[in-house]
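Reader: Could we go through the helix packing and the pockets of this model together? I shall keep my questions brief.
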Amino acid sequence: MRLLALLSLFSFFLFFFSFSLLTKNLDFKENYIYTIEEGQSLESIKANFKDLDINFPFIIDLYFYITGADKSLRKGEYLLTKDSDLFSISRKLAKGKVFYRSFYIPEGSVVSDFLTNKEQNSFCNFKGIKECQLEGMFHPNTYFYETGENLNNILNESFNAQLAFAADQFERLNDKKFIKSYYDLITVASILEKESCANERSLISGVIYNRLNRRMKLQIDSTVIYGIKNFNGNLTRKDLKTNTPFNSYINFGLPPKPISMPSKLSLIAAANPKKSKYLYFVSNGKCSHKFSVNYSDHLEAIKKYQLNK
C-alpha cells in the first residue's frame, strides 16, 4: 500500500514537472522559422534546437516514438512564434504543420508590380505562351505556398482561375459586337478596375459599351496613363495629345491589351453593362461620378467638379 502511494506521488510529480517544462514559454526574442530538410532525423533536429539552447526532454522522444512521427517528419518551414513552448513546437513538428508563405496579387495592379521580366518570361515558357503578354491575366488574390514550391505553379493557379472566370462571363455577355473574346472582356474589366469602385462599375461599363456602339473614342484617362512610361501622377494636356497605342483620346476602340489585373467584380460588371443613355462621366468624389447624356452637360460637370476644386 505504501509502495503504491509512493508510486502515485512520484507519477504526480513527474507529470507536474513534465507539464511545467513542456508548457514553459521559451521566450524567443522574435518569431523564428526552422526548416526541416528532406530525410532529416529527429536526432538531427534535436541537435539543431540544442544550438538554440532548447533541450528536448525524454518525454518528447517518447511522444514522437508512440505517435510514429519520428519516422515521417515532413520537410518544410515551421514557424516558431515568440510565445512558443516545447509542447506546441513538438505538436507542430509531429503533425507536419508547416509554415505557408503568401504571394499577393492586388486588384488593379499591373504585372510588373509583382513579377520581374525574368519571372514573366519563365512563366510564359512554362505555359508555352509565345507572345508573353500577361497583363490582366492573373486573378487578384493571396496565394499560399510552401518553401521550395515553384513560383510558376502558384502563377498557374492564378492564371487558370482568371481565364476560367473570364470565359464564363464572356459566355453570359449579350452584346458581342465589339467584345469578341474573353480577352476583350478582360480589357474592359481592367479599365473598370482603374476607373471606379464596385458600386458604379456596371454603370461605367454601360457607358463604355454605349460609346463603342456609337463609334466614339472612349476618352478614358486610365488608358492614357497606362501608356505613359514612369507616370508621375500628374496627367497633362500634353499627355492626352501624345499618341500611344493606349491613348483612347486619340485611338478608337479598346486599348490593345488590358491595363490592370481586374477582380471578379470588374469582370462581372464588364459582362453585365447597365443600360442607360449616358455617354460621359466625370469624378465628383471618391467612388462617385457625375454621368451625362450629352457633351454640354458633361462640360458643366467638369467645371463644377474638376475645374473648381
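Reader: At what angle do helix α6 and helix α11 pack?
Author: Helix α6 (residues 151-172) and helix α11 (residues 264-271) pack at about 20°, and their axes are 9 Å apart. That makes α6 roughly parallel to α11, a term for angles under 35 degrees, with over 145 counted as roughly antiparallel, 65 to 115 as roughly perpendicular and the rest as oblique. Axes are lines fitted to C-alpha atoms, for helices over the stretch in contact, and angles run from 0 to 180 degrees between N-to-C directions. Helices are DSSP runs of H or I with at least four residues, strands are runs of E with at least two, and both are numbered from the N terminus.

Reader: What should I know about the source of the coordinates and the numbering?
Author: This is a predicted model, in which local features need pLDDT of at least 70 and side-chain atom pairs count only at pLDDT 80 or more, while totals for chains, interfaces and linings use all residues. Residues are numbered from 1 along each chain as its sequence is written, and side-chain values use heavy atoms, with hydrogens and water left out.

Reader: Back to the packing: which helix does α6 pack against at about 100°?
Author: That partner is α7, with the two axes 9 Å apart. α6 and α7 are therefore roughly perpendicular to each other. On the α6 side the contact (heavy atoms within 4.5 Å) uses L163, A166, A167, Q169 and F170, and on the α7 side Y182, L185 and I186.

Reader: What is the make-up of that contact by class?
Author: Seven of its residues are nonpolar, one is polar and none is charged. Here Ala, Val, Leu, Ile, Met, Phe, Trp, Tyr, Cys and Pro count as nonpolar, Asp, Glu, Lys and Arg as charged, and the others, Gly among them, as polar.

Reader: And how do α7 and α8 cross?
Author: The axes of α7 (residues 182-195) and α8 (residues 201-213) come within 10 Å and cross at roughly 125°. α7 and α8 are therefore oblique to each other. Residues L185, V188, I191, L192, E193 and E195 of α7 meet R201, I204, S205, I208 and Y209 of α8. This contact of α7 with α8 comprises seven nonpolar, one polar and three charged residues.

Reader: Changing topic, what is the volume of the largest pocket?
Author: The volume is about 1,300 Å³. A pocket is found on a 1 Å grid over the protein atoms alone, as an open set of points where a 1.4 Å probe fits, with protein on both sides within 12 Å along at least five of seven lines; lining residues have an atom within 4 Å of a point. Grid points are joined across faces, edges and corners, and a volume is the space filled by probe spheres set on the points.

Reader: Which residues lie closest to its centre?
Author: Of the 34 lining residues, these are Q219, D221, L235, L240 and Y249. α12 gives the most to this lining, with six residues. The lining of the largest pocket has 20 nonpolar, seven polar and seven charged residues.

Reader: What about the second largest pocket?
Author: The second largest pocket has a volume of about 210 Å³. Its lining has 13 residues, with N174, D175, Y209, P273 and K275 nearest the centre. α8 gives the most to that lining, with three residues.
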